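Grab a pencil and try these exercises on the structure shown here. Each task comes with a solution that goes step by step.

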Amino acid sequence: MSRLIIVSNRVAPISEGGPAAGGLAVGVYDALKETGGMWFGWSGEVLSSTPPHIDVVERGPVTFATIGLVRRDYDQYYRGFSNATLWPAFHYRADLIQYDRHDFEGYCRVNAWLAQQLVPLLREDDVIWVHDYHLIPFAQALRAAGVKNRLGFFLHIPFPAPQVLLSVPPHRALVEALCSFDLLGFQTVPDLRAFCEYVVHEAGGQVEAGADKAPTLVHAFGRTLRAQAYPIGVYPDEIAQLAKAGTRGKPARTMKATLHERKLIMSVDRLDYSKGLVERFRAFERLLDQVPAYRNHVSFVQIAPPTRADMHAYQDIRLRLESESGRINGRFAELDWTPIRYIHRQYERQVLAALFRQSHVGYVTPLRDGMNLVAKEYVSAQDPDDPGVLVLSRFAGAAQELTGALIVNPIDIDGMADALAQGLAMPLAERRARYRDMIAQLRENNVSVWRDNFLRDLKDGEGTAKRRAPR
Ligand code: ADP
Ligand code: F6P
């Protein structure tokens with residue numbers, strides 16, 4: 001059996017053996033802990049001058065190979081082109097896109113350098129699976145270094161509509177670089193469709209729909225490759241077990257005791273402007289305005305660990321949320337009740353799962369999200385006899401599958417307040433029916449199915465590149 005090599009910018013923290021906040025680290029860690037293999041990526045360290053070297057650490061079936069970045073590379077590749085250009089563009093925030101040609105050069109340079117670091121660790125029959133927007137030029141860089149292995153790429157975030165992608169100046173170079181992989185995976189069918197539209201209308205390529213769930217064939221930039229939607233999943237039964245055990249733990253018991261029978265609305269996100277937190281806070285305020293009976297009878301807990309805290313856009317969203325939570329709490333708080341508990345900490349998975357299980361509503365309303373694993377974790381953690389209700393943005397990839405949620409538009413404050421009221425008052429029979437529908441979907445498409453489908457198509461596709469485009 002060939003060895004699996006995962007390549008991503010962010011790697012699950014090695015010391016705790018568990019994943020960081022962020023869908024990529026959580027999903028990939030879950031996928032890799034079963035199959036074993038090597039995980040290559042950034043160590044999370046920014047070095048002042050010393051030339052970085054690879055640290056190799058074995059943890060059970062997984063070998064972690066990580067490397068630091070020097071300051072200039074971190075600034076241009078990670079903070080610059082990846083997170084100040086690609087992240088806002090791919091999340092439809094054209095207003096936040098910043099572009100500097102030198103950052104793009106740095107992004108390509110770091111991709112080439114990382115590829116050179118990986119080459120000596122590779123074996124001939126390794127299957128290489130590259131993840132996310134930081135590493136779009138990675139296949140080109142490996143091919144330039146003579147690597148002939150199968151190369152797959154999975155995009156964890158949305159792929160934008162062509163009109164939005166066009167605002168990224170090197171858009172054509174990026175899509176050409178993507179076409180150097182053998183298989184491209186997207187979270188949802190709309191993402192796949194947006195990519196195909198770009199190929200046909202902007203790159204003069206052709207696409208052929210695959211028969212019976214087979215990947216789409218893409219002919220562009222003189223290559224033929226394959227592309228498909230593979231929605232990432234979770235392990236719902238493992239999360240349910242964690243949640244059940246976690247409710248006996250101290251954090252969950254403390255939460256229960258301090259609620260004093262009030263209903264609980266729960267949200268967990270990285271503190272990112274794509275997550276729609278300001279609108280979410282305002283919709284909770286609207287609920288308290290419109291249904292006075294909920295004042296002092298419902299609490300909203302928002303857990304949001306800061307992320308990319310050295311970037312302006314993230315400092316701005318943090319300030320706005322501090323101001324919004326302070327304003328709303330000032331308006332409604334009582335001596336014995338704080339409406340919004342706004343927390344910046346990371347928690348263990350078990351604690352989060354238990355809090356999800358204890359809550360009446362899971363409130364997941366990103367403005368855009370590739371998938372949103374929190375939505376899937378929320379449903380998985382529920383008690384089947386007395387499940388909570390998921391309020392979910394239509395712009396999260398998860399909304400394509402979790403149709404038993406109350407689907408909302410995250411900029412419609414009144415609509416979200418209505419959904420919160422509906423969720424808090426929903427009869428048990430309806431909650432159970434919606435939960436059954438969603439948990440069945442999560443079990444059918446768990447994270448092993450995601451991994452196995454992708455790797456099957458990556459291995460099956462051998463020979464695709466030799467096919468010619470139809471006339
Ligand atoms: P993204 O990848 O944009 O961060 P996802 O919802 O797909 O969004 O994934 C976030 C992952 O990070 C989830 O698995 C979630 O449980 C985890 N996470 C988010 N916030 C925290 C936190 N405060 N403590 C621990 N884990 C967190
Ligand atoms: O899943 C989306 C994702 O952007 C990952 O690519 C990323 O690792 C994670 O969220 C968190 O962001 P960061 O790695 O910048 O902390």
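**Exercise 1.** Work out how the residues of the shell around ligand 2 divide into nonpolar, polar and charged.

*Solution.* Start by listing the shell: Arg10, Gly22, Gly23, Leu24, Ala25, Asp132, His156, Ile157, Arg270, Thr307 and Arg308. To be near the ligand, a residue needs its C-beta atom, placed from the backbone, within 6 Å of it. Next, sort them: Ala, Val, Leu, Ile, Met, Phe, Trp, Tyr, Cys and Pro count as nonpolar, Asp, Glu, Lys and Arg as charged, and the others, Gly among them, as polar. You end up with three nonpolar, four polar and four charged residues.

A note before you go on: this is a predicted model, where local features need pLDDT of at least 70 and side-chain atom pairs count only at pLDDT 80 or more, while totals for chains, interfaces and linings use all residues. Residues are numbered from 1 along each chain as its sequence is written, and chains are lettered from A and ligands numbered from 1 in the order in which they are written.

**Exercise 2.** Explain where ligand 2 lies relative to the two domains.

*Solution.* First, get the bounds: domain 1 covers 4-230 and domain 2 covers 236-444, taken from an automatic or database domain assignment. Then check the shell: both domains give residues to it, so ligand 2 lies between them. Now look at the domains themselves. Their C-alpha centres are 30 Å apart, and 18 residues of domain 1 are in contact with 16 residues of domain 2 (contact means C-beta atoms, placed from the backbone, within 7 Å). On the domain 1 side, helix H1 (23-35) and helix H2 (71-90) are the elements that give two or more residues. Helices (H or I, at least four residues) and strands (E, at least two) are DSSP runs, numbered from the N terminus.

**Exercise 3.** Is glutamine 187 buried or exposed?

*Solution.* Find the residue first: glutamine 187 sits in the loop between strand E7 (183-186) and helix H7 (189-201). Then apply the rule: 20 or more other C-beta atoms within 10 Å of its own means buried, 12 or fewer means exposed, and in between is partly exposed, with C-beta atoms placed from the backbone. Glutamine 187 has 27 within 10 Å, so glutamine 187 is buried. Finally, check who touches it: leaving out residues up to four places away in sequence, glutamine 187 meets His156, Ala229, Pro231, Ile232, Gly370, Met371 and Gly397.

Definitions and conventions: Two residues are in contact if their C-beta atoms, placed from the backbone, lie within 7 Å.
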